[in-house]
Amino acid sequence: MLGIAILAIDGPSASGKGSVAQRVAEVLEFAYLDSGALYRLTALAAQRAGVGWNDEHSVAQIAQSLDVRFENERVLLAGQDVSAVIRSESIGVGASQVAAFAAVRQALLARQRAFATKQGLVADGRDMGSVVFPDAQLKIFLTATAEVRAERRYQQLIARGESADLAAITRDLQSRDERDAARTEAPLRQWHDALLLETSGLNLDQVVECVLSSWKTRMQSL
Ligand code: CDP
Ligand code: CDP
């Protein structure tokens, strides 16, 4: 990855990683990697193939041979638009289960690294700064309180016209975060070289500004 500009953003569910990373990538004119989408696609492809999310070997094979295309805002699995389907909380739970397996993570590693080109890259997930792009010029750990994150997810679903139950969302986020943090493979945590950004009191524009100014400062220091 020598010479390639990489900004890694990790953090728990609904901390704003995806929205912030996309906006920052647009401003910097970098490519964008939504690594969580790959775990979600693996969970969906396994479900469609009738493979259990607890079957490490078979799920890893599915991850290895995923037929995925990212086209602007759309995600295609075997040519079919699954952009909305993969965002459901049930697929999020499946993603978190399959993501705990070393063989699955290994199967998705090269695919994630292939997003890093001379154009530069903003990547978001759980292990962007720790495992996938350990040499990233800037690593950010984005977070917010569990209450704020659940409220953000709730508002996001309502805005999409979907039904939402704040108590259920809070429960689901908490159990997914706990599983992601407790696993041995690439656990969710703030690593020593990542900049912590606590965003509970900040709106999206403010967080984007903060990330862009951290990037500028970092570039000036190199
Ligand atoms: O990717 P991740 O699950 O971390 O979060 P997201 O889907 O980007 O953000 C969840 C929701 O929170 C979105 O509707 C964002 O617009 C919103 N958000 C916010 O209200 N304030 C922020 N500082 C960051 C995100
Ligand atoms: O948007 P949200 O933060 O809720 O989830 P996501 O980023 O789409 O990730 C879904 C699940 O995939 C997470 O709960 C993690 O278990 C897993 N994941 C991971 O293990 N490593 C990544 N780099 C990205 C996601």
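Q: What does A102 touch, leaving out residues up to four places away in sequence?
A: A102 touches E56 and E185 once residues up to four places away in sequence are set aside, where contact means heavy atoms within 4.5 Å. This is a predicted model, in which local features need pLDDT of at least 70, side-chain atom pairs count only at pLDDT 80 or more, and totals for chains, interfaces and linings use all residues. Residues are numbered from 1 along each chain as its sequence is written, chains are lettered from A and ligands numbered from 1 in the order in which they are written, and side-chain values use heavy atoms, with hydrogens and water left out.

Q: Why does A102 count as partly exposed?
A: A102 counts as partly exposed because its relative accessibility is 34%; buried means under 20% relative accessible area, exposed over 50%, and partly exposed in between, with a 1.4 Å probe and protein chains only.

Q: And which helix is A102 in?
A: A102 lies in helix α5, which covers residues 102-113 and reaches 17 Å from its first C-alpha to its last, close to the 16 Å expected at 1.5 Å a residue. Helices here are DSSP runs of H or I with at least four residues, strands are E runs of at least two, and both are numbered from the N terminus; the expected span is 1.5 Å times one less than the number of residues.

Q: Which residues of α5 are buried, and what do they pack against?
A: V104, R105, A107, L108, L109 and Q112 are buried in α5, and the buried residues of this helix pack against β2 (31-34), α2 (35-48), α3 (56-64), α4 (89-98) and α6 (128-132).

Q: Switching to ligand 2, which residues are closest?
A: Ligand 2 is surrounded by 19 residues, and the closest are S13, K17, R40, R153 and D180; a residue is near a molecule or strand if one of its heavy atoms lies within 4 Å of it.

Q: What polar contacts does ligand 2 have with S13, S35 and R126?
A: An N or O atom in the S13 side chain is 2.5 Å from an oxygen atom of ligand 2, a polar side-chain atom of S35 lies 2.9 Å from a nitrogen atom of the ligand, and a polar side-chain atom of R126 lies 2.9 Å from an oxygen atom of ligand 2. A polar contact is a pair of N or O atoms within 3.5 Å; within protein, one must be able to donate a hydrogen and the other to accept it, and residues adjacent in sequence count only if both atoms are side-chain atoms.

Q: Which element gives the most to the shell around ligand 2?
A: That is α2, with four residues, while α2, α4 and α8 (166-182) each supply at least two.

Q: Now ligand 1: which residues are closest there?
A: Among the 14 residues that surround ligand 1, the closest are A14, G16, K17, G18 and S19. A backbone N or O atom of G16 lies 3.0 Å from an oxygen atom of ligand 1, and a polar backbone atom of G18 is 2.8 Å from an oxygen atom of ligand 1.

Q: Which helices supply at least two residues of that ligand 1 shell?
A: Helices α1 (17-28), α7 (146-159) and α9 (204-221) each do.

Q: Last one, S214: buried or exposed?
A: S214, which is found in helix α9, counts as buried at 16% relative accessibility, and its side chain reaches the backbone oxygen of C210 at 2.9 Å.
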